[in-house]
Each structure stands twice: as C-alpha cells, then as structure tokens.
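I open the notebook here and set down, entry by entry, what I looked up in the model shown next.

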Amino acid sequence: MCGIVGLLVKRPALRDSLGAWLSPMLVCMGDRGPDSAGLAVFSLPVGDGKRRFSLYAGLETIDWSQLASRARADLSPDVEIESNANHAGLTTASDPTRVRGWLEDGFPSLHLLSVGRSIDLFKDTGHPRELVDRYAFARLSGTHAVAHTRMATESAVTPAHAHPFTAGEDFCLVHNGSLSNPNTIRRKLEKRGIRFQTDNDTEAACRFLEWRMSAGDSLEAALEKGLVELDGFFTLLMATADKLVLVRDAFACKPAVAAETDDYVAISSEFRSLAHLPGIKDAEIFEPGPERIYSWNVSPSLAG
Amino acid sequence: MSEFTSLEESAGFDRHVLAYIHQAAETGLYEIRGLGAKRRVPSFDDLVFLTASISRYPLEGYREKCVTKTVLGTRFAKRPLELEIPITIAGMSFGALSANVKEALGTAATQCGTSTTTGDGGMTPEERKSSKTLVYQCLPSRYGFNPDDLRQADAIEMVIGQGAKPGGGGMLLGQKVSARVAAMRTLPEGIDQRSACRHPDWTGPDDLAIKLEELREITDWQVPIFVKLGATRVRDDVKLAVKSGADVIVLDGMQGGTAATQQVFIEHAGIPTLAALPLAVEALDDMNMLGEVQLIISGGIRTGADVAKALALGADAVSIGQGVLMALGCNRSDYQTTDGPRDAGADYEALGAAPGYCHHCHTGRCPVGITTQDPVLEQRLTPAEGARRLRNYLNVLAMELTTLARACGKSNVHHLEREDLVALTVEAAAMARVPLAGTSWIPGQHPQQGI
Amino acid sequence: MERVAEPGRMTPRESTSPIAPTPALADSRAANVVEWDLARTGVRALNQWLHHDASREGARAIRVLNPDGQHHLAAGLNAPLQVEIAGHAGYFVAGMNQLADVVVQGNVGWSVAENMMSGTVRVKGCASESAGASGHGGLLVIEGDASSRCGISLKGLDIVVGGRVGHMSAFMAQAGTLVICGDAAAGLGDSLYEAVIYVRGTLHGLGTDARQEPLTAADVEKLSSLLARAGFDHAPESFKRIASAKTLYHWHIDSSHAY
C-alpha cells in the first residue's frame, strides 16, 4: 500500500540537485500510493545551538508571520520562520521542550512534524505530484532525503497517518509492508511512557526504535532487536543527520531496489522510478537481502 | 436410586468436543472436512422484511415487472458481465467436484442466464463448453492456470482468500488426486496436495495493483477483474482491493464452504456474512464507489429470502456454492440411476455420516456422486440430471427474490434497500445495522448518526 | 561509504565462465527488425500490437527501446516472435509467455516470465524476486543473479541461472528444473514436489523436505543439454542434485512442524 524512495548525494556540488532528482522518483511511486505523501530532507545543520521545527497547518490557513512575531515575543527574538504553503520551518535556539509546549498551548491545531538540526519534513494529502508542485520539492537542496507515497484505508485521509514518522531529533522512518503485531508493541511501549499519535502500524516500528535508541542502543543495534520483536512484512528506510539506513524483514516480500554510482545512492520500491537518474545505465544496481542492515554515510566532505 | 436421574451433557465438553479430543489423542490427526461453518451464528434468518402496507404498495406478481438483470464489472472492462439474475455460481474446483458436476453447473447457469466460476485446479473443457459466462480464478497455487484459458475467460477472479479459510491455502487429499486431477495440477497422482496461502508473484495491495494490471495487459483490458476476499478485516480489505484496481469485490463470509480444510479454520476464522456485508458497503460508500465497483456476497446463501436480504443490505449479487451442491443432491438420502432412485444410506454410514449430517467431501467418497473423482460414484449424478436440479433451484431462488421485492413495492430487485429490513435479535441488528423490530434501535449507532 | 555486502546484486559481475553471446538482433535495415520506442508510445500500445498485429503484419523480430523499468513488457505473447528489450525492465516481463523468444538487455524486476508456457526468455542482467514463478514450460535463462523465490511454485519450466539465487528459491516447486551456477541462499527447495534443482556453488541451507542426492547419468545428460542451451560452459559433474525427500507427500502428525 506504499512506495518508498530515498536518495543520498555523495559530492557537495550535487546537493542542489537532490530535490530535482528525487521529485520524479516520488511522483512515479505515486502509482503505489496516490492518497498522501511525505518527504524528509536533511541539509547542512543549523548552527549556534539552534534547531529546526517543521510545522504543518493541514487544511487551516495560518498567518505564519503572526506566528513568528508571537514566537519572538514568547520564546526568543532569534526565531526565524521559513514558510512554504501550509508548511513552515521554525528555527530557534530555545529549548525544544519549551517550544513544544508553546506550540501545543498556542497553536493546538498545528502539527509538529519533526525536530532537529538537519531535518525538514513535509506531509500532506493528495497525489505526490500535487505535493511536488505545492512545496516545490524539485528545488530542495540537501545531503539526503527519504520520501513515501501512501495508499490509505481510512476515509478521512489525514496527514497524521502519512509517513515519514519521526522520533527524537533528526530521525525519520518510512515503511512499506504490514506489521502483524503492532498492537502488542504499542501497548508495551505505552507502558514505558512512550506516547503514540496514531494507530498506524508504522508508528509502532518507529516508536520501538525510539525506545531502544533512548535506552542507549545505536540505530543498528535497535534494528537488530527490531528484527526479532517486530513481526510481519516490512521494508524500513530510515534517515539520521548523517546516514540512510535500510532493512528488510526475513520474508522480504515487500520490494526494494538500490542503485549506486560515484555520485549517489538511490533507493526505491521499483526500479522504474530510478530510470531517469543520471548515470543510471552504469549504476551498480542491487536488491537488499533479508535481515541485513544497509547503511550509507553522508561523506565528511559533504557535511563541511 | 432416585427416579429423577438424567444424563447431563456439558456445554463446554459436549459430544462434539469429546469426539474431537478423543480422536486427536488416538490418531494425532486434526480434523479435516468439507462444507462451511456448522455452528449457529447471526445470519439472514435473523432479519425480516417490512413488506407492503398502507404506506407502501406492492406490485402484482407475473403481470407487473420486476427486473432482475444484473451487470458486473463496469469500472474498467470493455466487456462487463450481463447476467439475467443476481445469483452466480461460486468458485469450486474440478478436483473437489467431478467433471459431470462442473458440466451440470455450466449448463444450468447458461439456461438461467448467469455465470459459473472455476476453482483451485483450473478450467475444464466441459465447463468452458457448457457455461456461457465463465469466471476464471487466479489462486495462490496457480494449479492449471494458463494463458489460453485466461484468454477464454469472461472474467478473472483474483482470489485473496475465501470465507471457510481466510489466510489458509487450498487442500486436496490424495484420494481425490486422480490421474486427471494430478495432470491438471502438475502433481504426482495420489499425494496429499499442499497449497500456498500467498500468491507466488506478489504480496500486498500495492503489488496486487501491478499484478492486476499484468492480467489486464495479457487479456487486452477486455474483461472484468473480480477480487475475492474471505471476510476478516473487511473495511480495510475492500478499500485496498478497490485501490488495487478491482472491478468487482467478491466477499465470502465465515459460513462459506470448502471441499476440504482444517476444522479450526472453518469454525474459528472469518466473520459472519451478515456482519461482513454492511462493512463492505460502508467501505465502498466511503470511497464513493457504490455502483462503480460491484459487490458480490457469498457464504451460506441458501434461499430467495437470503438473496433478497443481501441485495437490500447493498450487495449487487450473491454467489452460492454449498446451496448449489445441495441442489444437486448433497446430503440427499438417495441418488438417481437408470432404474430409478436408490438409497445411499449405507454409503453415508460407511463414511461415519448420515444424510443431513454429511460434510465428508474431503474423502472423495461422496455417496451422491458430487465431490468425488471416483468413476463409479461419479455416475450417480449425470450432467443432465444435475443441470435439471440446479436450474429448478435457481428458478425458485429468483422467484422468491422477486416475490419479496414486489411485496416491498420494487419493480427492480436492485431497488431493495436496508430500510426494508428489521432484525429479530440484538446481535443481528448490530451486525446488519438495521433496527431491532418494534424499535428504532440499532445497537452501536447513535439515532441521529448516519450509517 | 560503509555498506554491508549485498547478496542480491543486480549488476552482472564479470562472468567467471565464458557466456556464449546471444546473437543480437541484427541491424534493422538488414534483418527487418521492427523498433518500438516506449519513450514515444505506451506499454499498452506495444502489447496490443504484439498480441494482435505483429504476426499479421509479418513482423518477426521486434526491438523495444527505452524500457526504463516499465512493467508488463511483452506479457501475454502467443506467437513465435523474437522480442528484444533494450534496457532494464520492470515486473512481469514476458508474463505467461507462449511460443515467443524474449531477450532483455538488462535487469528485470519481479516475476519475470511468470506462468510461462513455452518459448524462451533470457535476461542478460539480473532478475528480481519470484523469477519464473509457476512456469509450466520452455526455458528461462538469467545470466546474472536471481533474487529470492526464484522458481517458486515451478510447474515444468526449466530455469538456468548463471549467478546466485536468493532465499526460498524453488519453494513448493512441483515440476521442472532449476539450475544454479552460483551459490544458493537459505531455504532452497522448501516443500519441493518433483522438480529437481542443480547447484554448482555453495548451498547456504536447504528447505524443509529437500535433500542432496547423488548425480545420476541422466542428471548429467540433462544438465549438459540445459547448460548448452543456456550458453554456460560448466562441467555437469560440478553440480549437486537437490530433490524432495517426499516425507510430506502424505500428511502425518510427526511432520506437523514441517508445515
């Protein structure tokens, strides 16, 4: 019921091409998921102890400049807002817990999609090509991005159910497949104080990893445990500030293909969404195997 | 000793459960049997019609028309199915049934202007020849599946599951894997057939969409594609089937039959047909697909009243399997010979069954020659006699359907609506989402709330 | 750039044995090859023409340009056509193929030649999952690697893979042959019926009811013939024979863990 795509560029000069290369991938996978889409892009970190908060207004109209003035008054004069249709990135060095609280109190209908120094996250309903147009994804710049297209079952297709799901800071996850024990996982995690926003099975996977990482596991160690505890069929594609990570379950019945050149690593549910990429004819193309954790680091030269 | 002693049976450990435990302990074998769920569940019997009165006028039978014509598969296909009655014959395999029976089904269906469906074993020439409208199933096993038959089909039915065993694969025990069956299924003769529960070349609705597209490409987008589901997570499944490209949804409730599967599946998996149907209608309505994607309901449809109630609750048609076999003679105490009827009692007894209690399709020793590959037993039902019985049954169903529809003032059976029904029990009211008779109460629904 | 070694490479590696080249469809001017450019027309138009008009128009050799990973290319062929797909293709390439010879000059996605009945399908690159699923007859050659569930539910097709196969290959394979020149990942031949598997490389685990058996003279002969047709030059004696132990042919409680 989904398509997933991911892209990581290997040279600084290619950062500005990230969105242009990723957008056709996303639109193509709209065949697998025409109802809603989400995209997380990672770019150079904001400095000076600041964080970016990705905000989404849904169907409501919001006066972003008014929100910005209130934030400068209530939180800190350093607040900057970059708005893009019903989406905005709010940057500030204020303590994130304070910011969350301020948003929940003052703007309860706003969705906080992500928090981090590198991540910016978009979600909306509609066919992926509508999102590409609305948010000008083709102009996005960054080191790496993951995106997801969704075939929804709930009638009011809400952005809350759209992937990517986030946990903590600078972490997101997209999922293709169907977990068979998400409720058991959710109840176990809720007992440990982890809050869920949806009953979507993907969120169970995301919160499981959040739990393990907040307990000190690396992402890879958390995924090893996830392969044991999560049941069902899943291809998971994740991103942190400095890497892309992919894993498939033991059955490996949900598709995934990767293509790598000197310039990029591209991942998709179907090869045809990669066919437009430059140099694809000479790319190394492979299919990730079951129960193996694949990760690609952003190269240090890119991060500088 | 008191004169008031009596034998007291336990409800939990009744004779059926005792027999199950004793057999399990003795043999180490779990029970495999045919037909569908035997235990009582809320069903169409728990609904009644609000027929004509002062506020609603009935139609005269015979003189005033009541249309039964039914079109299936209008969404994408160039050639939708046009049926005379909203009653189709469900998928049942050659292998489960004899060749004579498959031919009888086709003949009767053609005479009544409706369709038959192949099963988990492929298309026989007898059925294709005798059945004017033939739906070709594509199952996880792909036994006998081939492009020549696919191109001859009038519709394709992608089987995700069936009501008797949603999540389970097919099964045919060795005694029914005759030479002909084995050849069609590419199996050694006489072995127990194991079947896959998932399709080999796709998993999940996103990849199903691509698979349905392939079948359309191979058949040049001419014929409708049905998607058949066993009734479990009905709302989500129907929506995903529609999004995957289904022209028609076939939904099979837990009372649906099989020729052979584990007892645990039959009785303990899937939800009643009565509960499944409104969920499917709601899912289609949510997607604004009512009328564009047709809905066929199956699983224990027996009478014209069942058909009428199913249509009233929103189905476009029903599909019948077990009822059709019973029309042919399943569980009858006799079978026909050229010298007249002969009693089959001894043959039932040899199976450990009796007429009216038999569910031993899996043995291949069907006393009335229906679910068998045995050449001697097969002769107990000729294609002509089978066709005659089935035609009669279908005609009776159609007459009962139109009788009730006319009594509700409908000139077209597809105008039956859920407001024509009330329920006799609280469970049925809740499942069917119609009021409990004598009240305006639908359990689980706020009075002001739309359904 | 750290990366774990991948088992399912889809870029053909340099072959370790000389692969007899498939004669490329000759230059169109010389040999009457009809070219079809998918960048200008859709897959539906191509398939419609292949099904109904190609033979009638006397076209025998067809080259399809710019496939770009699209699905269903040359699905449902039913005539002795020669179709070359000039690039990577998507799912269900040559699905239910009958009588035709199809060559893909690149990789294919899922379920190439599924339910194939006769003819030949050759993939010069690698094949994704479920290659040859439920195939009944003919020959499927994958010169590179095949992914998981290669030959699942096989029903008489012969498959020859020049490289590796992924896990659960030949699952519930009923009839036919799977020849694997490279390694075979875990779960090979699970729930096998009468199909036979030959593996030259390393076995990483057999499935339920599959076992290794000695090669017979008949096996050697069959292998020679298949390898020659596929164009791989390996000694038949270097293969291991895997077949069903047939303990699941009649249900018994002691085998219940195996189901």
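This is a predicted model: local features need pLDDT of at least 70, side-chain atom pairs count only at pLDDT 80 or more; totals for chains, interfaces and linings use all residues.

Residues are numbered from 1 along each chain as its sequence is written, chains are lettered from A and ligands numbered from 1 in the order in which they are written, and side-chain values use heavy atoms, with hydrogens and water left out.

Interface of chains A and B. I looked up which elements of chain B take part, and α6 (205-218) and α7 (234-243) each supply at least two residues of the side that touches chain A (helices are DSSP runs of H or I with at least four residues, strands runs of E with at least two, numbered from the N terminus). The rule also finds five salt bridges across this interface, a salt bridge being a side-chain nitrogen of Lys or Arg within 4 Å of a carboxyl oxygen of Asp or Glu. I checked the one that joins the side chains of Asp35(A) and Lys243(B), with 2.4 Å from N to O. The contact (heavy atoms within 4.5 Å) takes 12 residues from chain B and 15 from chain A.

Ser147(C). I located this residue in the loop between β7 (139-142) and β8 (155-161) of chain C. Is Ser147(C) buried or exposed? Its relative accessible area is 10%, so Ser147(C) counts as buried (under 20% is buried, over 50% exposed, and in between partly exposed, with a 1.4 Å probe and protein chains only). Leaving out residues up to four places away in sequence, I see that Ser147(C) touches Glu287(A) as well as residues of chain C, among them Ala127(C), Glu129(C) and Val165(C).

His268(B). I found this residue in helix α8 (residues 263-268) of chain B, and His268(B) counts as exposed because its relative accessibility is 61%. Its C-alpha atom is separated by 27 Å from that of Ile191(B), 77 residues apart along the chain.
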